[in-house]
Every structure is written in structure tokens, then in C-alpha cells.
Amino acid sequence: MLNIKDQNYFKRSIKIFIIATFFFLISFILSIIFSPSLETFKNISNQVPSSLDNVQGLHKLWNYILNNAIQVPFQMFIFSLIPIPFLYFLNMISTSIITGIAFGFAIHFDFNKGAIMVISSVPHAIIEILAMCFVISGLYKLNQAIIRKISNLFRKTKKQNFSFKLALSNLLKIYFLISLPLYIIAAFLETYLTDFIYNLFT
């Protein structure tokens, strides 16, 4: 229905999501076990863009969309143009680890409030990371096409090139038809549902 000419993009996205979940769980468990310091938590908090501080409602929603749905995917796209495999995974890995550490610290610092924070934040965190995984799935083929073209320059026996044009076309379809709507849903949840759930239980 989406006319994406890559039969494995969905399976690849799920595999990437499993990797993200692994990094999240490991960092979450280690944060609870080793009790990160308050300074560590402050450093994690500094990862939140300053444009998201002290804003509410639609303004906050727009800033989340601008940062998470536009700036971050564009940064991953730039990384994918560098002929180094999996460099574009860095944003997803750092997001998963930072989220895991923040959740683990919150629960260790105050179990009741921390648990409520985690429960209220999980819905948007899952959807946001899933959206990121779909983008990465498209970037995988784009990066693969670039690496194959460059590596063939140094091979006597050339391997079949992957179509950069097709990979870019599939990436744009995946982003606009799948990832961007998921990012927008995550932004709505983060702006409205997270605070609603947290205030409901506190």
C-alpha cells in the first residue's frame, strides 16, 4: 500500500527496535544497580534542548516536532552519507541509553514518583524510538548504496551496485508516511498525555 520497494524494511525496523530496547534495558538496570549520582542526572537533563524549557501547549508540541521529527532525522541522514556502516545508529543508541539512565535514576531516587514518571513517559518513548528505527531502516539501504559504490572503486572484480536513487526514494516514503506521523503522535503524547498521567497519580 505504501509502495515502498524494499520488502525487508519492516522486519529490519523491528530488529533495530529490539536493539534499541536492549540498550534501554541494560542502561535502565545498571542505573538502578549502581545508583548514578545527581550530577549524572543533571547531565542527562541537559540533553533536553533549551527550546523545550518553560514552554507549554502547542508551542511545546511544535518544539518537540521540530527537534525530534526534523532535526534528529536530518542529523541521522547526514551521518548516513558518510561511508561508515552504522554511524547513523548513534542517535538511536544515545536516546535509548539516556532514557534508560533517566528512568533508572528516577526510580532509585524516589520509587513511587519514579515509577509514575516511567509509566507516564513510556508511551511516547516507545513510539518515538520506533519512529527513529524506521528512519534508520531506510538509512541502512542508503548508506549501503554509498559504501558499495565507493568500495567498487577499489575492487578489480566489481560487485553489483545498489540503487542510491531507489534507496533515497524508499527513505523519503518511510519518513513521510511512517516515521513522521509516529513522531507527531509521540510529540502529542509527550506534550499532553505524560503530564496528565503524572498529575493523575501524584
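Biologist: Is A102 buried or exposed?

Modeller: Start with the term. Buried means under 20% relative accessible area, exposed means over 50%, and partly exposed lies in between (1.4 Å probe, protein chains only). A102 has a relative accessible area of 14%, so A102 is buried. A caution before we go on. This is a predicted model, where local features need pLDDT of at least 70, side-chain atom pairs count only at pLDDT 80 or more, and totals for chains, interfaces and linings use all residues. Residues are numbered from 1 along each chain as its sequence is written, and side-chain values use heavy atoms, with hydrogens and water left out.

Biologist: Where is A102 found?

Modeller: Helices (H or I, at least four residues) and strands (E, at least two) are DSSP runs, numbered from the N terminus. A102 sits in helix 4, residues 90-109. A102 and S31 are 71 residues apart in sequence, yet 8.1 Å apart in space, C-alpha to C-alpha.

Biologist: How many helices and strands are in the chain?

Modeller: The chain has six helices and zero strands. From the N terminus on, the order is α-α-α-α-α-α. Of the 202 residues in the chain, 42% are buried.

Biologist: Now salt bridges. How many does the structure hold?

Modeller: The rule is a side-chain nitrogen of Lys or Arg within 4 Å of a carboxyl oxygen of Asp or Glu. The structure holds two. One joins R12 and D6, with the closest N and O atoms 2.5 Å apart. R12 is buried at 13% relative accessible area, and D6 is buried at 10%.

Biologist: What parts does the pair of D195 and K60 tie together?

Modeller: Their side chains meet in a salt bridge at 3.9 Å, N to O. D195 lies in helix 6 and K60 in helix 3, so the pair ties together parts that are 135 residues apart in sequence. D195 is partly exposed at 30% relative accessibility, whereas K60 is buried at 9%.

Biologist: How do I read a pocket?

Modeller: Rolling a probe the size of a water molecule over the atoms shows where empty space is left. On a 1 Å grid over the protein atoms alone, a pocket is an open set of points where a 1.4 Å probe fits, with protein on both sides within 12 Å along at least five of seven lines; lining residues have an atom within 4 Å of a point. Here the second largest pocket holds about 200 Å³ of space. Helix 3 (57-80), helix 5 (111-152) and helix 6 (164-201) each give two or more residues to its lining.

Biologist: Which residues line the second largest pocket?

Modeller: Among them are A69, P73, F77, V135, L168, Y175 and F176. The lining divides into twelve nonpolar, no polar and no charged residues.

Biologist: Which residues make the nonpolar surface patch?

Modeller: Patch residues have over 30% relative accessible area and no salt bridge, and nonpolar side chains (Val, Leu, Ile, Met, Phe, Trp, Tyr) are joined within 5 Å. F22, L25, I26, I29, L30, I33 and F34 make a patch of about 700 Å². I26 belongs to helix 1, residues 9-34. I26 is partly exposed, at 38% relative accessible area.

Biologist: And backbone angles? What is phi of F86 near?

Modeller: Most residues other than glycine have a negative phi. Phi of F86 is near 70°, a positive value in a residue other than glycine. F86 is in the loop between helix 3 and helix 4. At 47% relative accessibility, F86 counts as partly exposed.

Terms used
Patches are made of residues with over 30% relative accessible area and no salt bridge: like charges are joined within 9 Å, nonpolar side chains (Val, Leu, Ile, Met, Phe, Trp, Tyr) within 5 Å. Accessible areas come from the Shrake-Rupley method with a 1.4 Å probe; for residues, only the protein chains shown count as cover. Grid points are joined across faces, edges and corners, and a volume is the space filled by probe spheres set on the points. Ala, Val, Leu, Ile, Met, Phe, Trp, Tyr, Cys and Pro count as nonpolar, Asp, Glu, Lys and Arg as charged, and the others, Gly among them, as polar.
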